[in-house]
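Let us take a walk through a protein together, going from the whole chain to single residues. Please keep the sequence and the 3D view at hand as you read.

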Amino acid sequence: MKLAVIYARYSTDLQNDKSVEDQFSLCRDFAARLGATVGKEFSDRAKSGASMFGRPGLADLMTAAERGEFDILITESTDRVSRDIADLAHVHKVLKFRNIEMQCVNGGLMDTVQIGMYGIVGQMQREEGARKVKRGMTGVVRSGRNPGGKAYGYRPVIGQKGELEIVEEEAEVIRRIFDMYAAGSSPRSIASALNAAGIAAPRGKQWNASTINGNGQRGNGILRNPLYAGKIVWNRVHMVKDPSTGRRISRVNAYSAVETTDAPHLRIIDEELFEAVKDRKDSRGGAHAKHVQKNTRLLSGILKCSECGGSLVISSADRSGPRVVCSTHKESGSCSNNARYYVEKIERDVIDRLRTMFADTSIIDAYVSEYRTESKRIAMERRSSRGAKEAALVDVQGQITRVIEQVSKGTIEDDDVLAILPGLKAERSRLKAELAADEPPTNVIEIKPKAVIKFREDIESLAEILKDRQAEPTPEMAKAFREVVSGVVVYPRAPGEAYEYEIKGLLTGIAGPELSAVVVVAEEGFEPPTQGL
């Protein structure tokens, strides 16, 4: 007697688990008519048939097929397996290669011709369903109702699908934002003012400039939302699935595909103010702003605020040079560190400290000694952890083998198998993934004398370059610098006070293989001795 497995699926959260149970019942009756014994039952609940990705039930089914655990796959219809012609053909090809039949309650034994026919029909039905939904949404928009999505300043009217009403408290905030921007305030200044006033943000803990500014190409963000001017705009983007990952990606539609309808009952600001804001945004860069070339400095990306961990970014410049400020404070005002720092001064100080450090070989020796100790400790922990994981993997694999042996002997119930095996398989997958991610432990470290000498030379060259504001370090010098310095943490200061900061170091730039094949361990974030950096 042949062994069969059953696969069931339903598409959306609008359906329920009873749909899967109904499919199982139909397939069991069909298996009895075929004279087959039903073993496992696989299912995916609230999963689209448009892709094979994100469907653990189908993935487990295909894994069982590769192990040759069954002879027949029974499903209600081919579109339960997939509504994509290519995916359905792939599943059928794999099963056929392993001499596994695909039997459908609504179609019988599937051959290549039927798979092609049903695949085309299933994909056409799916695409036609999407077109019908789009037509329905177009009708909703043209009737002046909301096609979906939540916008700050509005709430749905209970009992009237698609209808919105204005939330006056939030509408006042909308008007304030538009008035401030039209008067010359920047989105960052507006976000800071709203946070200081304790006004709750639409999402998250605080207002950010991006919430107010949005994206010009996609037309989102408060300042770009035409709904506030009494216009419903829909279909600006559409979603497509990446066939290699199954992930949905949004793409901007052509202007001719966008639906726009007047909705005067939803107007919060007048058309003149909305257009004035739009004109100001266009005048301040518009779509081409992202193409403006930005200067990159030696410490770009590694200057950090000690208060919030945010990056320091250029805020202004004067005769003494450009100044940096905490990006979190600049963006939303939620960080208390409002100090400004001359970035060129920090660069010179950091270079001077490194010059002092690399001039003293005893400091380098102490650095390496600390590094050796830490590397050995980490290697011992890795070996211990890896050994425990390997032992656990052997144990889990043994448990899985014993369950399979019991299944073959008929000494365990199907319900018990379904309760035990998925957890064991998940644990096996987790342990395999962790072991694969673990690097083989080692405690070997070698100092590269030539690299130390080269870095000293680069530091001296950088010091000379930084004296001339018009000159820039070469990419090679900047790369060597960042292999030793991973971060510079800057502390708050009052105007006129001295700069205080901490330099975070790495050993990557001065430790590594000589000409012989020596394995290197370079732990990112390892702190050097206090007398060094």
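What follows is a tour of a predicted model, with some overall numbers to begin and then a series of stops.

Begin with the whole chain. How many helices and strands does the protein chain have? There are 15 helices and 17 strands. The chain is made of 533 residues, and 37% of them count as buried. Its accessible surface comes to about 29900 Å², and carbon and sulfur atoms account for 51% of that area.

Now find strand E1, which covers residues 3–9. This strand is mostly covered, with 6 of its 7 residues buried. Which strands pair with E1? One of them is strand E2 (residues 37–44), which runs parallel to E1 and is joined to it by 6 bridges. To see one of these links for yourself, look at Leu-3, whose bridge partner in E2 is Thr-37. Another is strand E3 (residues 72–75), which pairs with E1 over 4 bridges, again in the parallel sense. Here you can look at Ile-6, whose bridge partner in E3 is Ile-74.

Follow the chain past E2 and you come to Ala-46, in the loop between E2 and helix H2 (56–66). The backbone angle phi of Ala-46 is near 55°, a positive value in a residue other than glycine. Ala-46 is partly exposed, because its relative accessible area is 26%, between the limits of 20% and 50%. A second residue to look at is Asn-99, in the loop between helix H4 (85–97) and strand E4 (101–104). Phi of Asn-99 is near 60°, which is also a positive value in a residue other than glycine. Is Asn-99 buried or exposed? Its relative accessibility is 70%, so Asn-99 counts as exposed.

Thr-78 lies in helix H3 (residues 78–81), and with a relative accessible area of 5% it is buried. Who are its neighbours? Leaving aside residues up to four places away in sequence, Thr-78 touches Leu-88, Cys-104, Met-110, Ile-115 and Tyr-118. The other threonine, Thr-261, is in strand E11 (residues 259–262). Thr-261 also counts as buried, at 14% relative accessibility. With the residues up to four places away again left out, Thr-261 touches Val-141, Arg-142, Gly-144, Gly-230, Lys-231 and Ile-232.

The structure holds 5 aromatic pairs. One of these is formed by Tyr-154 and Tyr-228: their ring centres are 5.9 Å apart and their planes meet at 10°, so the pair is stacked. This pair links distant parts of the chain, since its members are 74 residues apart. Tyr-154 is in strand E6 (residues 154–156), while Tyr-228 sits in the loop between helix H8 (209–213) and strand E8 (231–234). Tyr-154 is buried, with a relative accessible area of 5%, and Tyr-228 counts as buried too, at 1%. Both tyrosines belong to one aromatic cluster, together with Phe-178 and Phe-274.

Arg-280 lies over the face of Tyr-181, at 4.2 Å from the ring centre.

Our last stop is the cysteines. How many disulfides does the structure hold? The number is 0. Take Cys-27, which is in no disulfide: the nearest cysteine sulfur belongs to Cys-104 and is 8.5 Å away. Cys-27 counts as buried, at 0% relative accessibility.

Terms used:
Residues numbered from 1 in each chain as written. Predicted model: local features only at pLDDT ≥ 70, side-chain atom pairs only at ≥ 80, totals over all residues. Heavy atoms only, no water. Helix = DSSP H or I, 4+ residues; strand = E, 2+ residues; numbered from the N terminus. Buried < 20%, exposed > 50% of the residue type's maximum accessible area, 1.4 Å probe, protein only. Areas by Shrake-Rupley, 256 points an atom, 1.4 Å probe, with all protein chains shown as cover. Contact = heavy atoms within 4.5 Å. Pairing = 2+ DSSP bridges. Phe/Tyr/Trp six-rings, centres within 6.5 Å; stacked < 30°, edge-to-face > 60°. Lys NZ or Arg CZ within 6 Å of the ring centre and 35° of its normal. Disulfide = S-S within 2.5 Å.
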